[in-house]
Every structure is written in structure tokens, then in C-alpha cells.
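Look at the structure first, then read on.

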Amino acid sequence: MQGEYAEDAALSGAVHAAQRGDEAAFRIVFRTVHPRLLGYVRSLVGDGDAEDVTSEAWLQIARDLGSFTGDADRFRGWAARIARNRALDHVRMRSRRPVAGGDESQLADRPADSDTAEEAIEALGTGRTMAFIARLPRDYAEVVVLRVIMGLDAKRTAEVLGKSPGAVRTAAHRGLKQLTALIEQPQEEGDVPPGEGQQPGGVTQSAARTLKEM
């Protein structure tokens, strides 16, 4: 937990320094946030276009950084919102629906109990986690990515998606329950390549805080 707070403090300091024109600080911001942001965009547009869309998002982040106010948690949510808009623009241009995201109309406001999911996710690297998340229904996948991969709390996730925090908690609960079932299923050889596509800054450091706060 202390490590996570230290990481947040370091990111907040780097963001503020980058706003004053410190290029080295911006590189720290990029290295800290980019792997998770790329994972989120990949869940929306797929592997083939994720790098380009994320690069477009970073161009806007760099351009608009001076107007940002807040701490590390707020910055991650702000960056995720920018990336989501770029991804949805890209999807509309391709006349395709995004891989993740959906209608909250069937979601009820209720808290999530995630202990089993936490234990399962803690055992996986980011690459394997994303492979399982890709198999979730669209209306759960994006919430799970924002909560587990990006490390956003329910309030920030709700702001990114334009949903209520209660709907986000419910989607996270149901998505994590299904994710746990997928993880615990006996896997056929070659079904999910172990460790393939792992990214730095994976879920193992952020999952405990994210899931406990649901």
C-alpha cells in the first residue's frame, strides 16, 4: 500500500512539473501511465490500431496538459477519458462498434464483493488478464479494464464512462465474477498463452487497492 501511495505522489509531482515545461517529468508521466492506457485502448479498438490511437491520445494529453488540475488519480481518469474519446472516434471512422463498453440500463446499484476475483487476478500478469477480459460481455469489459488495469476508483470510472458510480460498481462486480470463473476454468493448451503480451505496471501492484475499494 505504501508503494502505491508513493507511486501516486511521484506521478502527481511529475504531472505538475510537466505542466511547468519539464520535459524529463513528462517522460516520467508517459512511462508511468502509458502501459495501462495502451491496455485500455487495446480493449476498445483491438491490437492492430491500439498503438496509433494511444499515440493520438498522448498528443492531445500533451497539448491540453496545461488545463489539467488535480492529483495522480484524477490525471489517470482524465487521460483515460481522452483515450476513450480518441478510440470511439476511431471506431466510428471504421464503422465498427468498440470491443468494450455498453448499455448500463440493466445494471442495478449494489456493492461488489471481489475477494475471490482479487486472488485470481493477483496470480496473473497483465497480458493474460487482458486475454481473459476480452472474453467478457461488452458491458462489463470496459469497466473491468478501467478499474483493474487503469487503477481508477468507481467515481473516476463513472466520470470516464458517463455512468453512475453504482452502475460502475455493479458492472465491475458482475464482470469480475465472470472473469474469476474464466480464470478458474481448466484451460486447454494454447487457449491463453501464458505471459504473452505482458506490459510493465501490471495488475499485480494495483489490483488489491482497486478491488478492495469497489
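## Two oblique helices

In this predicted model, α7 and α8 lie oblique to each other, because their angle is about 135 degrees. Under 35 degrees counts as roughly parallel, over 145 as roughly antiparallel, 65 to 115 as roughly perpendicular and the rest as oblique. Helix α7 covers residues 138-149 and helix α8 residues 154-161. Their axes are 10 Å apart. Axes are lines fitted to C-alpha atoms over the stretch in contact, and angles run from 0 to 180 degrees between N-to-C directions.

## Who touches whom

From α7, Glu 142, Val 143, Leu 146 and Arg 147 make the contact (heavy atoms within 4.5 Å). From α8 come Ala 154, Thr 157, Val 160 and Leu 161. The contact has five nonpolar, one polar and two charged residues.

## Helix α7 itself

Tyr 140 and Ile 149 are among them. Just after α7, Gly 151 has a positive phi of about 75 degrees.

## The whole chain

The protein chain has ten helices and zero strands. Helices are DSSP runs (H or I, at least four residues), and strands are E runs of at least two. Of the 214 residues, 50% are buried.

## Notes

Residues are numbered from 1 along each chain as its sequence is written. Local features need pLDDT of at least 70, side-chain atom pairs count only at pLDDT 80 or more, totals for chains, interfaces and linings use all residues, and side-chain values use heavy atoms, without hydrogens and water.

Note on methods
Ala, Val, Leu, Ile, Met, Phe, Trp, Tyr, Cys and Pro count as nonpolar, Asp, Glu, Lys and Arg as charged, and the others, Gly among them, as polar. Buried means under 20% relative accessible area, exposed over 50%, partly exposed in between (1.4 Å probe, protein chains only).
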